[in-house]
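I opened this notebook to record what I looked up in one structure.

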Amino acid sequence: RKIMDKFGVDIKFTGGETGNTVTIEGNEENVEDCKDHLIELADEYMDAILEKLEFQAEMSQYTRPEPQRGFFVRNAPWQQAPPPQVAPDTSDMAAFPDLGSNSVAPQSSAGSWGSNKRWR
């Protein structure tokens, strides 16, 4: 639209059996100027595409190949099924000597942090 306004022409794009066709209608001098401008834009676009392809081809030599597979770990503990979980017998005094005793630890009225008198 901007090119049509800039050159004062009407541009139509049509596709046919022979390929895409661009039709430029308007004053003969404006049509020639618009045609030259469109050809220049197409050339710049193709140059940019070719530069990009060349750059990609050049950079492809610096890409890392796929990493090779390293070593394999077989029969690791995390790959095996876990043993069935059984709750421990807490009544066994040999395994848990402090759990079943009736002795109670002496409690201090001062608490874990000591006397409250220091903080007032």
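The entries below go from the whole chain to single residues.

**Basis.** I worked with a predicted model, in which local features need pLDDT of at least 70, side-chain atom pairs count only at pLDDT 80 or more, and totals for chains, interfaces and linings use all residues. Residues are numbered from 1 along each chain as its sequence is written, and side-chain values use heavy atoms, with hydrogens and water left out.

**Chain.** I looked up the secondary structure and found two helices and two strands. From the N terminus on, their order is α-β-β-α. Helices (H or I, at least four residues) and strands (E, at least two) are DSSP runs, numbered from the N terminus.

I then asked what share of the residues is buried. Of the 120 residues, 6% count as buried; the term means under 20% relative accessible area, with exposed over 50% and partly exposed in between (1.4 Å probe, protein chains only). The accessible surface of the chain comes to about 11,900 Å², and carbon and sulfur atoms hold 54% of that surface. These areas come from the Shrake-Rupley method with a 1.4 Å probe; for residues, only the protein chains shown count as cover.

For contacts (heavy atoms within 4.5 Å), I considered pairs at least 6 apart in sequence; 20% of them join residues at least 24 apart.

**Ile 3.** I placed Ile 3 in helix H1 (residues 2-7). Ile 3 is partly exposed, because its relative accessible area is 22%. Leaving aside residues up to four places away in sequence, I found that Ile 3 touches Ile 11, Cys 34, His 37, Leu 38 and Leu 41.

**Salt bridge.** I searched for a side-chain nitrogen of Lys or Arg within 4 Å of a carboxyl oxygen of Asp or Glu, and the structure holds one such salt bridge. Its partners are Glu 25 and Lys 12, at 3.8 Å, N to O. Glu 25 lies in strand S2 (residues 19-25) and Lys 12 in strand S1 (residues 10-16), so the pair ties together parts that are 13 residues apart in sequence. Glu 25 is partly exposed at 38% relative accessibility, and Lys 12 is partly exposed at 39%.

**Patches.** I built patches from residues with over 30% relative accessible area and no salt bridge, joining like charges within 9 Å and nonpolar side chains (Val, Leu, Ile, Met, Phe, Trp, Tyr) within 5 Å. Lys and Arg count as positive and Asp and Glu as negative, while His and the chain ends are not counted. Each charge is placed at NZ of Lys, CZ of Arg, CG of Asp or CD of Glu.

Which residues make the nonpolar surface patch of about 500 Å²? They are Tyr 45, Met 46, Ile 49, Leu 50 and Leu 53. Leu 53 lies in helix H2 (residues 28-60) and is partly exposed at 49% relative accessibility.

A negative surface patch includes Glu 28, Glu 29, Glu 32, Asp 33 and Asp 36. I located Glu 29 in helix H2; Glu 29 counts as exposed, because its relative accessibility is 58%.

**Asn 75.** Most residues other than glycine have a negative phi. Asn 75, although not a glycine, has a positive phi of about 55°. Asn 75 lies in the segment after H2 and is exposed, with a relative accessible area of 63%.
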